[in-house]
Amino acid sequence: MVQTLTVTEMARNFAEYINRVSYRGDCFVLVRGNKPVAELRPLPAGKQLSELPSLLATLPHLSPTEATELADDLETAREELARTEVRDPWAS
């Protein structure tokens, strides 16, 4: 739940509100003169590398037909890339 907080109150108790955001995940909309001017909220946390296997397990899987089609597309792309002449982008 987002709470409304005046800029003055925030300034007077800065450390307390930073701690509430950091440790409790509280969110605040800062207002000045009854107008919202900013939002104070926790930054999104990233995932740890150790969570990767469980994350990958939740993703949808290709069907055998889709996997074969993808492999064919990749092979076609590799063959086409091998036929493409490499040119120096800096040459004039």
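Strands S2 and S3 run antiparallel and are joined by 5 bridges. Two strands count as paired if DSSP finds at least two bridges between them. Helices (H or I, at least four residues) and strands (E, at least two) are DSSP runs, numbered from the N terminus. The model is predicted, so local features need pLDDT of at least 70 and side-chain atom pairs count only at pLDDT 80 or more, while totals for chains, interfaces and linings use all residues. Residues are numbered from 1 along each chain as its sequence is written, and side-chain values use heavy atoms, with hydrogens and water left out.

Strand S2 covers residues 27-32 and strand S3 covers residues 35-40. Within this pairing, leucine 30 stands opposite alanine 38 in S3. The hairpin of S2 and S3 has 2 residues between the strands. There, glycine 33 takes a positive phi near 60 degrees. Asparagine 34 is found in the loop between S2 and S3. Its phi is near 65 degrees, a positive value in a residue other than glycine. Most residues other than glycine have a negative phi. Asparagine 34 counts as exposed because its relative accessibility is 77%. Buried means under 20% relative accessible area, exposed means over 50%, and partly exposed lies in between (1.4 Å probe, protein chains only).

Strand S2 is also joined to S1. These two strands run parallel, with 5 bridges between them. Glutamine 3 stands opposite phenylalanine 28 in S2.

Helix H2 spans residues 14-24. Tyr17, Arg20 and Val21 are buried in this helix. Seen down the axis of H2, the buried residues fall within an arc of 95 degrees, so they line one face of the helix. The arc is that of the directions from the helix axis to the C-beta atoms. Ser22 and Tyr23, on the other side of H2, are exposed. The buried residues of H2 pack against strand S1 (2-6), helix H1 (7-12), S2 and S3. Contact here means heavy atoms within 4.5 Å. Glycine 25 follows H2 and has a positive phi, near 75 degrees.

Aromatic rings were examined next. Rings of Phe, Tyr and Trp (its six-membered ring) pair if their centres lie within 6.5 Å; planes under 30 degrees apart count as stacked, over 60 as edge-to-face and the rest as tilted. By this rule the count comes to 1 aromatic pair. Tyrosine 17 and phenylalanine 28 form this edge-to-face pair, at 5.2 Å centre to centre and with 80 degrees between the planes. The pair links distant parts of the chain, with tyrosine 17 in helix H2 and phenylalanine 28 in strand S2, 11 residues apart. Both tyrosine 17 and phenylalanine 28 are buried.

Charged side chains were then considered. A salt bridge is a side-chain nitrogen of Lys or Arg within 4 Å of a carboxyl oxygen of Asp or Glu. By this rule the count comes to 3 salt bridges. Arg20, Arg24 and Asp26 are linked in a network of salt bridges. Aspartate 26 is found in the loop between H2 and S2. It counts as buried because its relative accessibility is 12%. Aspartate 26 forms a salt bridge with arginine 20, the closest N and O atoms being 2.9 Å apart. Arginine 20 also counts as buried, at 16% relative accessibility. A salt bridge joins aspartate 26 to arginine 24 as well, with the closest N and O atoms 3.3 Å apart. Arginine 24 is exposed, with a relative accessible area of 58%.

Leaving aside neighbours within four places in sequence, aspartate 26 is in contact with Gln3, Arg20, Val21, Leu40, Arg41 and Pro42.

Another salt bridge joins arginine 41 to glutamate 39, with the closest N and O atoms 3.5 Å apart. Arginine 41 is partly exposed, with a relative accessible area of 44%. Glutamate 39 is partly exposed too, at 49%.

Threonine 76 is found in helix H4 (residues 64-83). This residue is partly exposed, with a relative accessible area of 45%. Threonine 76 and leucine 52 are 24 residues apart in sequence. In space they are 30 Å apart, C-alpha to C-alpha.
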